[in-house]
Amino acid sequence: MAASTELDPPVLDVHLRPGGDDLVLDVAGDLVQGTGPLLHAAVSGALDAHPSPRELVMDLSELRFCDSGGLNALVRAHHHARAAGTELHLLNPTTPVAFLLHLTGVAQVLRVSPNPAAARAPEDAP
């Protein structure tokens, strides 16, 4: 049986789930140049359907890969959320994605938390 030399096209799945006063987008797959518009559409749709949430949280725990086009999509999402009066929060990025966010300096611009417990703001702590 010969191995296929074709690469599978990148796939990005984005699902909205309620999160109290926040919106939570579960982001899975590959965030690359070709899938960035899917993320933008999901962010726009979420903010249109639920105006003025306190935070837009992106759970990146299932995001396998991110390239420069994906970084651009995250920064665009940040600007879109901010324009809507909402804070973007990237939650639980996988190790390769967290490395890329830190290497490029994006982690200094966007709020990134390594796990759900770290996402709690100090004023929310008991």
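## A walk through the fold

Read along the sequence, the chain runs β-β-α-β-α-β-α-α-β. That pattern comprises four helices and five strands, taken as DSSP runs numbered from the N terminus (helices H or I, at least four residues; strands E, at least two). This is a predicted model, in which local features need pLDDT of at least 70 and side-chain atom pairs count only at pLDDT 80 or more, while totals for chains, interfaces and linings use all residues. Residues are numbered from 1 along each chain as its sequence is written, and side-chain values use heavy atoms, with hydrogens and water left out.

Start with the helix pair. The axes of H1 (residues 36-49) and H2 (residues 68-83) come within 9 Å and cross at roughly 15°. H1 is therefore roughly parallel to H2, a label for angles under 35 degrees. The crossing of H1 past H2 is right-handed. On the H1 side, the contact residues are Gly-36, Leu-39, His-40, Val-43, Ser-44 and Leu-47. They meet Ala-73, Leu-74, Arg-76, Ala-77, His-80 and Ala-81 of H2, contact meaning heavy atoms within 4.5 Å.

Now the interior. Of the 126 residues of the chain, 40% count as buried (under 20% relative accessible area, with exposed over 50% and partly exposed in between, using a 1.4 Å probe and protein chains only). The largest nonpolar core has 27 residues. Such a core is a set of buried Ala, Val, Leu, Ile, Met, Phe, Trp, Tyr and Cys residues joined through side-chain atoms within 4.5 Å. Strands E2 (22-31), E3 (55-66) and E4 (87-91) each give two or more residues to this core, as do H1, H2, H3 (95-103) and H4 (106-109). Leu-39, Met-58 and Leu-74 have the most contacts inside the core.

Which residues does Met-58 touch, not counting those up to four places away in sequence? Among them are Leu-39, Val-43, Leu-74 and Ala-77. Others include Leu-25, Val-27, Leu-88 and Leu-90.

His-78 lies in H2. His-78 counts as buried because its relative accessibility is 7%. Leaving aside residues up to four places away in sequence, His-78 touches Leu-88, Val-109 and Leu-110.

Two loop residues deserve a look. Ser-52, between H1 and E3, has a positive phi of about 60° although it is not a glycine. At 61% relative accessibility, Ser-52 counts as exposed. Asn-92, in the loop between E4 and H3, also is not a glycine and has a positive phi of about 55°. Asn-92 is partly exposed, with a relative accessible area of 25%.

Definitions and conventions. Axes fitted to C-alpha atoms, helices over the stretch in contact; angles between N-to-C directions. Parallel < 35°, antiparallel > 145°, perpendicular 65-115°, else oblique. Left-handed = near helix turned anticlockwise from the far one by under 90°.
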